[in-house]
Amino acid sequence: MKAIIVTEQTAGTAGMKLVDRPEPQASINDVVVQVHASGFVPTELAWPSTWTDRLERDRTPSIPGHELAGVVTSLGYGTTGVSVGQRVFGLADWYRDGTLAEYVAIEARNLAPLPGDVDFTVGASLPVSGLTAWQGLFLHGRLQAGQSVLAHGAAGAVGSMVTQLAREAGAHVIGSGRAADRQRVLDFGAKEFVDLDNDALEDVGKVDLVFDVIGGDIQKRSAGLIRAGGTLVTIVGPPEARPSDGLALDFVVEADRAQLNEIVQRVRDGRLRTNIGNVSTFDKAVAALNPTGRRKGNTIIRVRP
């Protein structure tokens, strides 16, 4: 099969190569999925799991990409909950070969059914950004209707999902970004916009929840905006700052079939819009994953035409 591999961490995405690899086999509780579309998170090439297994042994050359939408082609021993020929989408394990390939072996529990009226490209754009937003807001942030949320990077893949899901849950959403992002952020449902280059972040006032995708100075200043009992949720590593009377926590997104079902149903209902910035064919994937300009939204690779 064709697959994209990486072998040198220092090379980053420039070290990606499209090569021939053996097709994977389904282990116990696995399925093999013929990948139709794959998503890629640029930061994953900095994650230890891309380069080593859980025992910290080198596992290169490795196949990156962890979001997928495709069709189940075979089942491993003991696998339940999915069937051969079923359309699925989901989130692959961080420590295993990923989805920038024609086929991937993945635990069945990491997949959810992809309805027939949802395109594979859309399905592949949902797992990381959708689950990250869902888990950060509702599982870790415990968001309630009527609360206020400051969503950083609200025009990005994760931030746009945070904005939409928080708005739907009845929260007052303040989105941040660059000046050029203003209308896009408001279109995703934010009630207010903060230009991080020109506006005073502190003018936002007190909020119940900060969803941080930036870190550094922005995170430290945001911690001071959280009202008593509020929460700072970050996905960029252990918090560097904590609210004076609240919680600060980081998390790593996990696959969850029930949450994926909730997310894709919202897409079908028109309550949730995807944020796909670029779609590329597989033969042009390496170039697409090495953009010369700023990334806008998800980059999705159409593995099958």
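1. Being four residues apart in helix α2 (residues 127-140), W134 and F138 are separated by about one helical turn. Helices (H or I, at least four residues) and strands (E, at least two) are DSSP runs, numbered from the N terminus. The model is a predicted one: local features need pLDDT of at least 70, side-chain atom pairs count only at pLDDT 80 or more, and totals for chains, interfaces and linings use all residues. Residues are numbered from 1 along each chain as its sequence is written, and side-chain values use heavy atoms, with hydrogens and water left out.

2. A search of the whole structure finds two aromatic pairs. Rings of Phe, Tyr and Trp (its six-membered ring) pair if their centres lie within 6.5 Å; planes under 30 degrees apart count as stacked, over 60 as edge-to-face and the rest as tilted. W47 and W94 form an edge-to-face pair, 5.0 Å centre to centre with 80 degrees between the planes. This pair links distant parts of the chain, 47 residues apart: W47 is in the loop between β3 (30-39) and β4 (67-75), and W94 is in the loop between β5 (87-91) and β6 (103-107).

3. Are these two residues buried or exposed? W47 is partly exposed, with a relative accessible area of 26%, whereas W94 counts as buried at 16%. Buried means under 20% relative accessible area, exposed over 50%, partly exposed in between (1.4 Å probe, protein chains only).

4. W134 counts as buried at 14% relative accessibility, and F138 as partly exposed at 26%.

5. The largest pocket has a volume of about 1,200 Å³. Of the 38 residues that line this pocket, the closest to its centre are V41, T43, V158, V213 and I235. On a 1 Å grid over the protein atoms alone, a pocket is an open set of points where a 1.4 Å probe fits, with protein on both sides within 12 Å along at least five of seven lines; lining residues have an atom within 4 Å of a point. Grid points are joined across faces, edges and corners, and a volume is the space filled by probe spheres set on the points.

6. The second largest pocket holds about 250 Å³ of space. Its lining has 14 residues, and D93, N110, V253, E254 and A255 are the closest to the centre.
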